Amino acid sequence: MRVNLDDVTVLQQLDTIRALRDTQEYDKQFREGWQLAQTIDLPASGKAVRNVLVLGTGGGSAASVNLLKSYLFDELRVPVQLNQGYTIPAFVNEETLVIVVSHSGNTEEVVASYEAAIAAGAQLFAITAGGTVLAMAKEHGHPHLLVPGGMMPRIALGYIFLPMLAVLTKAGLCADKEAEVDELIALFAQWREAYGPEVPTAENAAKQIALEMDGLTPVIYGTLPFFDAPAWRWKNQLGENSKVMAFWNAIPSLHHDEAVGWDAPAAMLKGYHFTLLQDAEDSEKTTRRVQISAEILRERAGAVRVVSSSGSSRLARLFSIVYLADFVSLYAALVRGVDPTPVDVINLFKSKMGQPLVQVQVRP
């Protein structure tokens with residue numbers, strides 16, 4: 001089934017839980033998320049924080065951690081590590097701040113690693129919409145923030161990313177970011193006027209990129225040290241929303257290994273769509289590498305698109321890519337007549353593991 005991306009009625013019918021609407025309303029969500037974040041009370045533990053471990057998986061929690069690490073790359077004085085498995089690193093102790101993040105509150109890996117962090121005596125803070133994580137936080141008296149549920153975690157970044165940022169701020173690990181958050185919220189209101197479903201394809205970069213990718217395998221290249229996280233997020237959104245295989249890497253590191261794969265047979269490379277991200281903070285050498293990569297790939301690949309970030313602050317520029325990627329991934333599903341919400345393969349894994357399935361509700 002092929003869908004005209006300018007037929008808003010059909011798009012809305014396919015989009016069963018209104019993922020497009022929730023994405024359009026990021027300005028509202030991030031404003032509410034920031035207001036919630038200001039209520040966080042992080043009691044003094046009497047212990048120094050030597051490192052931070054975030055327990056989280058999936059498109060909301062893990063994406064938020066990676067974005068935070070990119071955003072604060074040259075500011076944080078302690079290492080921040082994402083933990084997505086059932087166990088925790090040996091370094092975790094009473095000087096480790098462990099942020100437990102599970103939107104559903106029932107993520108199997110997070111619950112298991114939360115128990116391990118308790119046993120290790122770590123300083124703990126939980127962010128969740130309920131479930132087992134909330135029950136554990138209450139049982140053990142751990143400070144926590146209850147955030148709104150009712151949407152897929154991968155679309156709930158405002159309720160996950162901003163509270164994590166606030167925890168780091170209140171722990172004294174980074175400066176106050178209110179001005180940058182205010183800029184981001186204002187820009188979301190502008191960007192939705194560029195990418196929303198009512199904007200015709202001829203004027204809508206998100207729809208144009210989705211159509212370019214259609215039928216090709218997407219590869220997203222970010223830039224180090226700040227724009228690898230948006231590339232990773234874009235790849236994951238294409239998997240969850242678009243139901244397509246996608247890949248990512250970062251410049252300049254990929255030029256030492258993966259780039260040799262560009263010498264693959266022509267028939268193979270013609271099946272790939274490359275999106276290269278670039279940012280105002282990229283070094284001169286990195287910018288040149290992006291340009292050269294695009295030049296080489298245009299001679300070999302099915303399609304190549306260079307995407308530049310927008311906004312003044314690094315926070316805004318990071319999310320300018322994230323926001324575009326979210327819309328692209330939704331349109332890349334809808335153009336094929338696919339509802340972007342269901343995650344049938346994830347439910348297949350969960351059923352085989354005996355875990356609760358992801359329940360999808362039709363939203364008004």
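**Charged pairs, cores and rings**

Analyst: Asp 279 and Arg 317 are both buried. Keep in mind that this is a predicted model.

User: OK, what do Asp 279 and Arg 317 form, and how far apart are the closest N and O atoms?
Analyst: Asp 279 makes a salt bridge with Arg 317, and the closest N and O atoms are 2.6 Å apart. Asp 279 sits in the loop between strand 8 and helix 12, while Arg 317 is in helix 13, so the pair ties together parts that are 38 residues apart in sequence.

User: Why would side chains pair up like that in general?
Analyst: Side chains with opposite charge can pair when their charged atoms come close.

User: Which residues are linked with Asp 279 in a network of salt bridges?
Analyst: The network links Asp 74, Asp 279, Glu 281, Arg 314 and Arg 317.

User: Tell me about Arg 314. Which residue does Arg 314 form a salt bridge with?
Analyst: That's Asp 74, with the closest N and O atoms 3.0 Å apart. Arg 314 belongs to helix 13 and Asp 74 to the loop between helix 4 (58-71) and strand 2 (80-83), so this bridge ties together parts that are 240 residues apart in sequence.

User: And is Arg 314 buried or exposed?
Analyst: Arg 314 has 12% relative accessibility, so it counts as buried, since the cut-off for buried is under 20%.

User: How many salt bridges does the structure hold?
Analyst: There are 14 salt bridges. Another one of them joins Arg 300 to Asp 263, where the closest N and O atoms are 2.7 Å apart. Arg 300 is in the loop between helix 12 and strand 9, and Asp 263 is in the loop between strand 7 (247-251) and helix 11 (266-269), 37 residues apart.

User: How accessible are Arg 300 and Asp 263?
Analyst: Arg 300 is at 30% relative accessibility, so it counts as partly exposed. Asp 263 has a relative accessible area of 60%, so it is exposed.

User: Switching topic: how do strand 8 and strand 9 run?
Analyst: Strand 8 (residues 272-278) and strand 9 (residues 303-308) run parallel, joined by six bridges. Across that pairing, Thr 275 stands opposite Arg 305 in strand 9.

User: Now the greasy bits. Which residues touch the most other members of the largest nonpolar core?
Analyst: Those are Val 52, Ile 99, Leu 165, Trp 234 and Phe 319, in a core of 85 residues. Helix 13 (residues 314-334) gives the most to this core, with 15 residues. Apart from it lies another core, of 15 residues, including Val 98 and Val 110.

User: What is Val 52 in contact with?
Analyst: If you skip neighbours within four places in sequence, Val 52 is in contact with several residues, among them Val 78, Leu 97, Ile 99 and Leu 168.

User: What about Ile 127? Where does Ile 127 lie?
Analyst: Ile 127 lies in strand 4 (residues 123-128). Its relative accessibility is 1%, so Ile 127 counts as buried. Leaving out neighbours within four places in sequence, its contacts include Ile 99, Val 147 and Met 164. The C-alpha atoms of Ile 127 and Val 147 are separated by 7.1 Å, and these residues are 20 apart along the chain.

User: Let's do rings. How many aromatic pairs are there?
Analyst: There are 18 aromatic pairs. One of them is Trp 191 with Tyr 323, a tilted pair at 6.2 Å centre to centre and 40° between the planes. Trp 191 is in helix 8 (residues 178-195) and Tyr 323 in helix 13, 132 residues apart. Trp 191 and Tyr 323 are both buried.

User: Which residues form one aromatic cluster?
Analyst: That cluster includes Trp 191 and Tyr 323, along with others such as Tyr 26, Phe 161 and Phe 319.

User: Last one: where is Ser 242, and is Ser 242 buried or exposed?
Analyst: Ser 242 lies in the loop between helix 10 (228-240) and strand 7. At 0% relative accessibility, Ser 242 counts as buried. Not counting residues up to four places away in sequence, Ser 242 touches Gln 237, Ser 329, Ala 332, Ala 333 and Arg 336.

Key. Residues are numbered from 1 along each chain as its sequence is written. This is a predicted model: local features need pLDDT of at least 70, side-chain atom pairs count only at pLDDT 80 or more; totals for chains, interfaces and linings use all residues. Side-chain values use heavy atoms; hydrogens and water are left out. A nonpolar core is a set of buried Ala, Val, Leu, Ile, Met, Phe, Trp, Tyr and Cys residues joined through side-chain atoms within 4.5 Å. Buried means under 20% relative accessible area, exposed over 50%, partly exposed in between (1.4 Å probe, protein chains only). Helices (H or I, at least four residues) and strands (E, at least two) are DSSP runs, numbered from the N terminus. Contact means heavy atoms within 4.5 Å. Two strands pair if DSSP finds at least two bridges between them. A salt bridge is a side-chain nitrogen of Lys or Arg within 4 Å of a carboxyl oxygen of Asp or Glu. Rings of Phe, Tyr and Trp (its six-membered ring) pair if their centres lie within 6.5 Å; planes under 30 degrees apart count as stacked, over 60 as edge-to-face and the rest as tilted.
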